[in-house]
Amino acid sequence: MPISVAIVGSGPSGFYTAEALAKAEADCLIDIIERLPAPHGLIRYGVAPDHQTTKKVSRNFDKTAGHESVRYFGNIEVGRDISVEELRSIYDAVVFAIGAPFDRKLGIPGEDKDGVIGSAAFVGWYNGHPDFVDLAPNLDTPNVCVVGNGNVAIDIARVLVKTRSEMASSDIPEYALGAIERSAVRDVHMLGRRGPIEAKFTNVELREMAELEACAPVIDAAILPDGVPEESEMSDRDRRLRERNLATLRAFAERDPDAMPKRVHFQFFAAPVEILGGDRVEGLRLERTEVVDGRAVGSGAFFEIETGLVIPAIGYRSHGLAGLPFDEAGGIVISDDGRIDDGLYCVGWVKRGPTGVIGTNRPDGQAAARQIVEDHPRGGKPGREALIEMLGDRGARMVSYQDWQTLDAHEQAQAGDAAPRRKLVTVEEMLGVLDG
Ligand SMILES: Cc1cc2nc3c(=O)[nH]c(=O)nc-3n(C[C@H](O)[C@H](O)[C@H](O)COP(=O)(O)OP(=O)(O)OC[C@H]3O[C@@H](n4cnc5c(N)ncnc54)[C@H](O)[C@@H]3O)c2cc1C
């Protein structure tokens, strides 16, 4: 009897696990269960819409989905349509690949005001994620504050200032593109508690900020160090990246900020301390910092930025599902290198936290496949057959991978000239297309 495996989540970590199991020596039957009709997790809903080359990675997953032992069950949410315990009772192994979909909080007063929108929601909005289509962020504000100094923060800043023609070959939904085009946004402030050396941007993303049609990157040259201090403890690779980032930022400092209608301000050594306003955000109060032993220390000097939109982009956390042990502080499921309990495993961001690139999830999938085959030399539980029966009894609407390919082809057929696709942005729309 094959080893029956359920993988919950169809992002990179889920697909890499399926791929490794499909290639394993052992006989496995693999079911991927995904809460949305569309697969691929953050590749579809996180990676920026103007980074289509990165999004193409998901094409590799089509091959895995087409493997004879793999089946996709889209539009099925664990915790809503079926419980962890039920899955456990019918599968030899259940792998959680559910990602880390919630924002880490700033932890400052005023964070619950209208107009504070975490990066998960904001990025979901401009990527057409069904959960965030109705977000309606307040873009009627000349200044936007993006808190964070990583690639997600830079993606958000860039999408906010790009023109319609620059986005023509992206798959940003029209509602988001139109809102950004009509918006009052002129100055995006990217705020980092620490300095340019500590910033986590990759150099390719940083350099893109110098190539924008209608926006200039702005930085105060006086805050840029001559180089990475010799005593800094970091690998040669990290040192080279930081040196490259410094060189890029120095080139930004030579630009005329008034030459373009929009600007992205790289503001370092600035820690948010309070979100100002009544029910709605009216400003952000920050404290100037200095970096001591790699940590930001407040200087006692404060300043304010008038803004109607604050977007914290300082990292993500996962969520617990009933039946899974959860580390509240770390925001991940508790496991011993991916083994949660007998028959339960985790991979990707829910296992390691929100770090690394798409490919970083591959070794997780390979490790989980090894663990499963090691722990379950033989299968015993009914798996797929029982899942289909349970979901059928509940009247759940399952979306197959073939259905997804129908949606994919429909989206591509609906696209404008240069755009790769026009996304279907609600579950109802997607099911409507499938139902003809
Ligand atoms: C904004 C952003 C931009 C990024 N850009 C890049 C980039 O340009 N290049 C790059 O290499 N990396 C990028 N990354 C990182 C990359 O996206 C992650 O490394 C990767 O997606 C993590 O994979 P995952 O499978 O753990 O989680 P996810 O991709 O989040 O997948 C989790 C899946 O689980 C599903 N799910 C959740 N709960 C349930 C449930 N209860 N039942 C069923 N299904 C469920 C979700 O719907 C989702 O499809 C980016 C990340 C973010 C946040």
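The structure is a predicted model, in which local features need pLDDT of at least 70 and side-chain atom pairs count only at pLDDT 80 or more, while totals for chains, interfaces and linings use all residues. Residues are numbered from 1 along each chain as its sequence is written. Strands (E, at least two residues) and helices (H or I, at least four) are DSSP runs, numbered from the N terminus. Two strands are said to pair if DSSP finds at least two bridges between them.

An open sheet is formed by 6 strands in the order β3-β2-β1-β4-β18-β17, with mixed pairing. Its edge strands, β3 and β17 (339-341), each pair on one side only. From one strand to the next the twist averages 25 degrees. Helix α12 (residues 361-375) packs on this sheet and touches β1 (3-8), β4, β17 and β18; the direction of α12 makes about 165 degrees with that of β18. Angles run from 0 to 180 degrees between N-to-C directions, and axes are lines fitted to C-alpha atoms, for helices over the stretch in contact. Contact between two residues requires that their C-beta atoms, placed from the backbone, lie within 7 Å.

Within this sheet, strand β2 (residues 28-33) pairs with β3 in the parallel sense over 4 bridges. Asp31 has Arg71 of β3 as its bridge partner. In a regular strand the side chains alternate between the two faces of the sheet. In strand β3 (residues 70-73), Val70 and Tyr72 point one way and Arg71 and Phe73 the other way, and all are buried. A residue counts as buried if 20 or more other C-beta atoms lie within 10 Å of its own, as exposed if 12 or fewer do, and as partly exposed in between; these C-beta atoms are placed from the backbone. Strand β4 (residues 93-96) and strand β18 (residues 344-346) are also paired in the parallel sense, over 3 bridges. Here Phe96 stands opposite Cys346 in β18.

Cys346 is also among the contacts of Lys351, a residue of helix α11 (residues 349-352). Leaving aside neighbours within four places in sequence, Lys351 is in contact with Ile332, Val333, Ser335, Gly338, Cys346 and Asp364. Lys351 is buried because 26 other C-beta atoms lie within 10 Å. The C-alpha atoms of Lys351 and Tyr175 are separated by 34 Å, and the two residues are 176 residues apart along the chain.

Another open sheet has 5 strands in the order β8-β9-β7-β6-β13, and its pairing is parallel. The edge strands are β8 (215-218) and β13 (309-312), each of which pairs on one side only. The twist in this sheet averages 15 degrees from one strand to the next. Strand β7 (residues 187-191) is paired in the parallel sense with strand β9 (residues 262-267) over 5 bridges. Gln267 in β9 is the bridge partner of Leu191.

Two pairs of helices were examined. The axes of helix α6 (residues 119-126) and helix α7 (residues 151-161) lie 11 Å apart, and the helices pack at an angle of about 45 degrees. They are therefore oblique to each other. Angles under 35 degrees count as roughly parallel, over 145 as roughly antiparallel, 65 to 115 as roughly perpendicular and the rest as oblique. This contact is made by Ser119, Phe122, Val123 and Tyr126 of α6 and Val152, Ile156 and Val159 of α7. By class, its residues are 6 nonpolar, 1 polar and no charged. Ala, Val, Leu, Ile, Met, Phe, Trp, Tyr, Cys and Pro count as nonpolar, Asp, Glu, Lys and Arg as charged, and the others, Gly among them, as polar.

The axes of helix α14 (residues 401-413) and helix α15 (residues 427-434) come within 10 Å and cross at roughly 100 degrees. Helices α14 and α15 are therefore roughly perpendicular to each other. Asp403, Thr406, Leu407 and His410 of α14 make the contact with Met430, Val433 and Leu434 of α15. The contact has 4 nonpolar, 2 polar and 1 charged residues.

Positive phi values occur in two loop residues other than glycine, His40 and Ala136. His40 has a phi of about 90 degrees and is found in the loop between β2 and α2 (42-45). His40 counts as buried, with 24 C-beta neighbours inside 10 Å. Ala136, with phi near 45 degrees, is in the loop between α6 and β6 (143-147). Ala136 has 11 C-beta neighbours inside 10 Å and therefore counts as exposed.
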